[in-house]
Amino acid sequence: MYSDIQEVLFSEEQIQEKIKELGEKLSNDFEGKNPLVICVLKGAFIFMADLVKQIRVPLELDFMAVSSYGQSTKSSGVVKIIKDLDVPVEGRHILIVEDIIDSGLTLSYLIDVLERRNAKTISVVALFNKPARRTVELEPDYAGYVLPDEFIVGYGLDYAEKYRNLPFVGILKPEIYTT
Ligand SMILES: O=P(O)(O)OC[C@H]1O[C@H](OP(=O)(O)OP(=O)(O)O)[C@H](O)[C@@H]1O
Ligand SMILES: [Mg+2]
């Protein structure tokens, strides 16, 4: 598994440092709002777990599973809801927790769904941002690291469902996905 990685981009320690900063900002901005924090599965599961521990105001959690990449390193362009939320979002302050914004298709689809369900406010926190690949205009309200135009894995992010359990984030060797 480790030998499939070409380069480590962000260590476990660097990621935790960034999450602390994000948690501090979010704690200030969501004071008194009892936000519904939505984890976009599967990719965001580790980020969500680490982030909420750094948000020091009352909040509620829910989970939604969406998928558009499947076995590929490029978006299929079709975002499918695999698991929907358990609770209504009407009138709620929503914080969407994403691991990565790449083409932007997943988030723009999710924001549209939540707007139609009459959420009061919708904010987005994304640990990684790959602006070079955007096909729809969209920026996170809270952003961690900007990425080069490379396919990354680890810390929840997969290629064909593998590598999610790497504690760091790295660039996958191109021969892994081109063979
Ligand atoms: O901005 P985009 O181009 O839409 O890419 C970002 C989305 O793609 C990945 O999900 P994926 O469809 O791979 O599902 P997964 O989280 O289960 O891996 C990732 O976790 C984001 O949710
Ligand atoms: Mg994926």
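Visitor: Why is Ala 160 called partly exposed?

Guide: This is a predicted model. Ala 160 has 13 C-beta neighbours inside 10 Å. Exposed requires 12 or fewer, and buried requires 20 or more. The count of 13 falls in between, so Ala 160 is partly exposed.

Visitor: What makes Glu 161 exposed?

Guide: The count for Glu 161 is 9 C-beta neighbours inside 10 Å. The limit for exposed is 12 or fewer. Therefore Glu 161 counts as exposed.

Visitor: Where does Ala 160 lie? And where is Glu 161?

Guide: Ala 160 sits in the loop between β8 (152-153) and β9 (169-172). Glu 161 is in the loop between β8 and β9.

Visitor: How do you know whether the peptide bond from Leu 41 to Lys 42 is cis or trans?

Guide: Look at omega. For the bond from Leu 41 to Lys 42, omega is near 0°, and the bond is cis. Lys 42 belongs to the loop between β2 and α2.

Visitor: Which residues of helix α2 are called buried?

Guide: In α2 (residues 45-52), they are Ile 46, Phe 47, Met 48 and Leu 51. The label calls for 20 or more other C-beta atoms within 10 Å, so each of these four meets that limit.

Visitor: What do the buried residues of α2 pack against?

Guide: Their partners are α1 (12-29), β2 (36-41), β5 and β6 (121-129).

Visitor: Now the ligand. How many residues surround ligand 1, and which are the closest?

Guide: The shell has 17 residues, and the closest are Gly 43, Tyr 69, Asp 102, Ser 103 and Thr 106. Two elements give two or more residues each: β5 (93-101) and α3 (105-116). The largest share, four residues, comes from β5.

Visitor: Which residues does UniProt list for the phosphoribosyltransferase domain?

Guide: The unreviewed UniProt entry lists residues 13-159 for "domain: Phosphoribosyltransferase". Over residues 13-159 the chain is 25% helix and 29% strand. The end C-alpha atoms of that stretch are 23 Å apart.

Terms used. Residues are numbered from 1 along each chain as its sequence is written. Chains are lettered from A and ligands numbered from 1 in the order in which they are written. This is a predicted model: local features need pLDDT of at least 70, side-chain atom pairs count only at pLDDT 80 or more; totals for chains, interfaces and linings use all residues. A residue is near a molecule or strand if its C-beta atom, placed from the backbone, lies within 6 Å of it. Two residues are in contact if their C-beta atoms, placed from the backbone, lie within 7 Å. UniProt positions are given in the numbering used here, feature names are shortened, and annotations may be inferred rather than shown by experiment.
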